[in-house]
Amino acid sequence: MEFLPEKIGDYRVTDTMDYVGEALFDYINGGAELYLSYGLKGMTGCKYNGEGLPQITVEIYEMSSSGNAFGVYTQSRDKEEYTYGQGSQSFKDFILFWKDRYYVLVTSQKATAESEKTMQLIAETIDQSIENEGIIPEIVSALPQKNLVPAGFLYFHHYVWLNAYLFIADYNLLNINDSTDAVLAKYGNADERCYLLIVDYQDSVETEKAFQQLTEKFAPEKKSPHPTLQLEDGTWFSAWTAGKRLYAVFEGRNEAQIESIYNSVLTK
């Protein structure tokens, strides 16, 4: 609550919230899995009310690391803005941003000129109150920028999010867990969309095991380390490793598209 002003404009805090662990399930109606999978430590927030004004709700999620706060943010935004924190997105009735190890949501029951202005002031206050900045996970810098969809990547380390955005198996095929970093990115326009997955493991043995499991499922006939391959559904696929890092490209529309991503990775 140290980040939240007691009064702002014609609004005052009328209710406070403080949730940790399983208690979040009751508050978010089952949606807590997202935050828990990124190492949630707790959520603090409050509700602002003013006479005749739509209620404004503030939620500040404290994650176990700045990388995890960034990961939750990548799950939520669909464009990159930098008005607040280290990355944000704003609507007339909704503001989200991340900074340091915090992920922040400010929402209004209804969009009015006064509620929108107040939400902005609240977001600015919280942003200024969080003194430190977090570090974007290093794996994100491995993404080639050529043809990358703006705000089109997701950072995670729980396999459920891979299968939610790009279904490759109904189980943890790539052994993704809390000790692995992963990023899934979209490339190309909507009618030529393909996906690049990068996963960092603890050691090269884990990497090779995941690579073998992946190729056994998608390309059992794959012989050499880096070739592209057309699958039965007509899409193109490729996978390769470099030390502790695994790369895979899915749903390529043609061989040239896959080769372009592969070459872009090599030249980074």
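In which sense do strands S8 and S9 pair, and over how many bridges? In this predicted model, strand S8 (residues 148-156) and S9 are antiparallel partners, joined over five bridges. A separate topic is an open sheet of seven strands, ordered S1-S2-S3-S4-S7-S6-S5. The largest nonpolar core holds 65 residues, and another core, of 22 residues, lies apart from it.

**Strand S9 and its partners**

- S9 spans residues 181-187 and is mostly covered, with five of its seven residues buried.
- Within the pairing of S8 and S9, Phe 153 has Ala 185 of S9 as its bridge partner.
- S9 is also joined to strand S10 (residues 194-200), by seven bridges, and these two strands run antiparallel.
- Ala 182 has its bridge partner in S10, namely Val 199.
- A hairpin is formed by S9 and S10, with six residues between them.
- Gly 188, in the turn of this hairpin, has a positive phi of about 85°.

**The seven-stranded sheet**

- The pairing in the open sheet S1-S2-S3-S4-S7-S6-S5 is antiparallel.
- Strand S1 (7-8) and strand S5 (88-91) each have a single partner strand and stand at the edges, so one side of each lacks a neighbour in the sheet.

- Helix H3 (residues 66-76) lies across strand S4 (56-63), S5, S6 and strand S7 (102-108).
- The direction of H3 is at about 150° to S6.
- Helix H4 (residues 113-129) lies across S1, strand S2 (11-19), strand S3 (40-49), S4, S6 and S7.
- H4 runs at about 5° to S6.

**Nonpolar cores**

- In the core of 65 residues, the members that touch the most other members are Tyr 35, Tyr 61, Leu 143, Phe 156, Leu 162, Leu 174 and Leu 214.
- S10 gives the most to this core, contributing six residues.
- The separate core of 22 residues includes Phe 3, Leu 4, Leu 53 and Tyr 84.
- Leaving aside residues up to four places away in sequence, Leu 214 touches Leu 173, Leu 174, Ala 219, Phe 237, Ala 239, Leu 246, Ala 248 and Phe 250.
- As general background, nonpolar side chains in soluble globular proteins tend to be buried together.

How values were computed
Residues numbered from 1 in each chain as written. Predicted model: local features only at pLDDT ≥ 70, side-chain atom pairs only at ≥ 80, totals over all residues. Heavy atoms only, no water. Buried < 20%, exposed > 50% of the residue type's maximum accessible area, 1.4 Å probe, protein only. Helix = DSSP H or I, 4+ residues; strand = E, 2+ residues; numbered from the N terminus. Pairing = 2+ DSSP bridges. Core = buried A, V, L, I, M, F, W, Y, C linked by side-chain atoms within 4.5 Å. Contact = heavy atoms within 4.5 Å. Axes fitted to C-alpha atoms, helices over the stretch in contact; angles between N-to-C directions.
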